Amino acid sequence: MSLLSVRELSIALPKGADRALAVDGVNFEIEENRIVCLVGESGSGKSMIAHAILGLLPQGVKPVAGQIGFEGRDLLSLAPAEMKTLRGAGVAMIFQEPLTALNPLKKVGEQVAEAVRIHNPACPAATLTARVEELFIRVGLSDPARLRKSFPFQLSGGQRQRVMIAMALANSPKLLIADEPTTALDVTTQRQILDLIKELQATMGMGVLFITHDIGVVADIADRVVVLKGGQVVEQGDAANLLEAPRDSYTQMLLDAVPGRGSPRSGSLKAAPLLEVQALNKTFVTRQGLLEPPRRVIAADDVQLALREGETLAVVGESGSGKSTLARMVLRLVEPDNGDILWRGVKVRDMNRAALRQYRRKAQIVFQDPWSSLDPRLKIGESILRGPVAFGASRAEAARTARQWLERVGLGGQAFDRFPHEFSGGQRQRICIARALALDPELLIADEAVSALDVSVQSQVLELLAGLKADMGLSMLFITHDLRVAREIADRIIVMQKGRIVEQNTAADLFGNPTDPYTRNLLDAVPGRAFFDRRAGTPILRGAAT
Amino acid sequence: MNETLRTFLSRPAGIVGLTILGLVCVVALLAPVISPGSPWDMAGMPFARPGEGGMWLGSDTLGRDVAAGVIHGARVSLLIGVSSTLAALAIGVTMGAIAGFSGGIVDLIIVRVTEVFQTIPNFVLAILLVAILTPSLTTIILAIALVSWPPLARLTRAQVMSVSRREFVHAARCQGQSAVSVLVRHVLPNAISPIIVTGSLTVAAAILIEAALSFMGLGDPNHMSWGYMVGAGRTVIRQAWWMSVFPGLAILITVVAINLVGEALNDALNPRIARS
């Protein structure tokens, strides 16, 4: 008998949503001791299913048909009190963002202890502490005695996710629901967490429902795959069969959208350098308290790079590597401590206000978060045309330019009079690109510009950028944490770690023959690498391991 | 904006508050029509009980009609409440926006100045200012504005600082827009909602300060006000309760109405509450 069976599940959205049913007649089963991956783009209803299992659907969203069977009971018709005893004991859940899922004002050990105590109120304090430390060791947190007394903000993203997992395991659940648990993490941390979930699942014999949009992750951990699109299952089956020979075109599209499978660009340009960064240093100092020494974070440590005209240079690194600070320092949104930035040989740091304005016109930036990089109170057209107007174009002229760019990025002129909230993340990113290009720049800085997007949308935006670059002869500084994306678009790649450049090479050489151990680590951590290598027939993301 | 209005109207508090406030405004506007003549004139016997001699709220120690006083007092209270709040907003938002947007030494100086104002008890400072400047509508408005701006400045500063960090503000700077244009056209419109809410509550506070000043005899001697009536009736409150109770009720109702409107505004302007 299967552990969890979802039968003909339909979940209705409130009136006025983009569709009537968030989830429409979904069937799937989770066997004991198996990992089932629910994969789909954002808006496919995958999180809704997870929340429905635990009775955590948001207000106004209701299951309207079907059953969710777990241990012979229908979870949809369970009384609230019964559901409470089930949550955390029979079924546990881990979330995408471990920082917001933990109470910031409570020590993590207490939070895990609380999870134990809720389902076992009589547990004596000493046993409780021992249990918490045992759980910490189990999820790979070394030094549990010290970490137990830490607050969430003192831990790294990976450690916080481990704490979340410890909390979920507190009562040895039979089913673990993981809702995009690695999406907010760095590649190497993601690799560790995936390995941990897989190992725990095997040793504890749990069923796991793993929700993700990244088919690379699916290839790494799934036993069974359910592909969702617009609330409906388009295909499901054993992971091996389904991924090797997808029957549905949508699954095929998801597989094809995974970046970094083409051959990397090779050959270096001999054009004049457009932008040079010389011996750049930046240290952030935050005071922590009266007695404690201030915390110093090195964001740039003697950074040296050159970007030639027409070249795309990718800067790759994990969070905290200083790659975003580098982008902001290039535009002087953050002032470096020392060092020089040269734009066509002119020192950017010595520019006066007028010169800096002209420089920023030539070097435009597209930011990471499509939700916060557009003014929510301005119509799209207005947001775009303010740039040209600030440089002396008439409003009518600027509006014409704005419409042209909206057409060019594939949104059409009717987007001009609409507000940002009417657009999806991918569309917003297109708008941001239009806004940057409306000023006719020579350099485009993309600061994690595709990181917040679904894989399929990501590939569309990357395509757009590559097309625009070819048409306009743009140079690009492309900041990303994802080696696959860098491989897709870059001529040359710089790998940064803790503010230092550890490796700098042409894309072909870097992937073919990485010299630095950190680069090799990053390459090894790419999700689904083994699968895609096998699928391509030749090892494409080659690292030192092959 | 439509969404905002709908949320506002879906709150009973908002509707009740707005209705009462609307009534008070109508009374204030139509005071010369509803109750012609000066409220300072004798209208009948002193100490007339409510209903006696055609005066439905009674008369005060000098035979002036309490109802006429309450009606005319609404004009002064609302005028002072609204104009002193506008003045306080002008000072507070400007100071706060400059401090939050420029940061550094400018921020430090403005914050220190704000703190100096906040350490002096509001009401004591207001009394002092009115006493020095001689009581009149203008000086009272000025005094109330000067004691009410610091909280608005601090709120604006915090809002501006948090909005400035968002990426669309960086994007606007990179587009080549001037600092003033970025502040006025991008930062402030996105920071203004909680300031409007606090502003509406400041109106209520201003009405109370005015009433307290008039109670202490520091009101404008040419204008009948609720605070003055409460103050004048206070000595005989045990013999003639109506002289201070009715103007007191008027203050209470108006302030409560403004607070209700403020609360509904808060819900309506907060996108997270408005959406649910």
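This is a predicted model: local features need pLDDT of at least 70, side-chain atom pairs count only at pLDDT 80 or more; totals for chains, interfaces and linings use all residues.
The lining of the largest cavity is made up of 7 nonpolar, 3 polar and 3 charged residues.

**Stop 1: the largest cavity**

Its volume is about 120 Å³. To find the centre, select B:Asp60, B:Arg64, B:Val66, B:Met229 and B:Ala232, which are the closest to it of the 13 lining residues. Next, colour helix H4 (66-102) and helix H10 (226-233) of chain B, the elements that each give two or more residues to this lining. Which element gives the most to the lining? H10(B) does, with 4 residues. In total, 3 cavities of 30 Å³ or more are counted.

**Stop 2: A:Glu8**

Move to chain A and select strand E1 (residues 4-12), where A:Glu8 is placed. Display the backbone here: A:Glu8 is not a glycine, yet its phi is positive, at about 45°. Most residues other than glycine have a negative phi.

**Stop 3: A:Arg344**

Stay in chain A and select the loop between strand E14 (338-343) and strand E15 (346-347), which holds A:Arg344. A:Arg344 also has a positive phi, about 50°, although it is not a glycine. With a relative accessibility of 39%, A:Arg344 counts as partly exposed.

Notes
Residues are numbered from 1 along each chain as its sequence is written. Chains are lettered from A and ligands numbered from 1 in the order in which they are written. Side-chain values use heavy atoms; hydrogens and water are left out. Buried means under 20% relative accessible area, exposed over 50%, partly exposed in between (1.4 Å probe, protein chains only). On a 1 Å grid over the protein atoms alone, a cavity is a set of points where a 1.4 Å probe fits but cannot get out, and a pocket is an open set with protein on both sides within 12 Å along at least five of seven lines; lining residues have an atom within 4 Å of a point. Grid points are joined across faces, edges and corners, and a volume is the space filled by probe spheres set on the points. Ala, Val, Leu, Ile, Met, Phe, Trp, Tyr, Cys and Pro count as nonpolar, Asp, Glu, Lys and Arg as charged, and the others, Gly among them, as polar.
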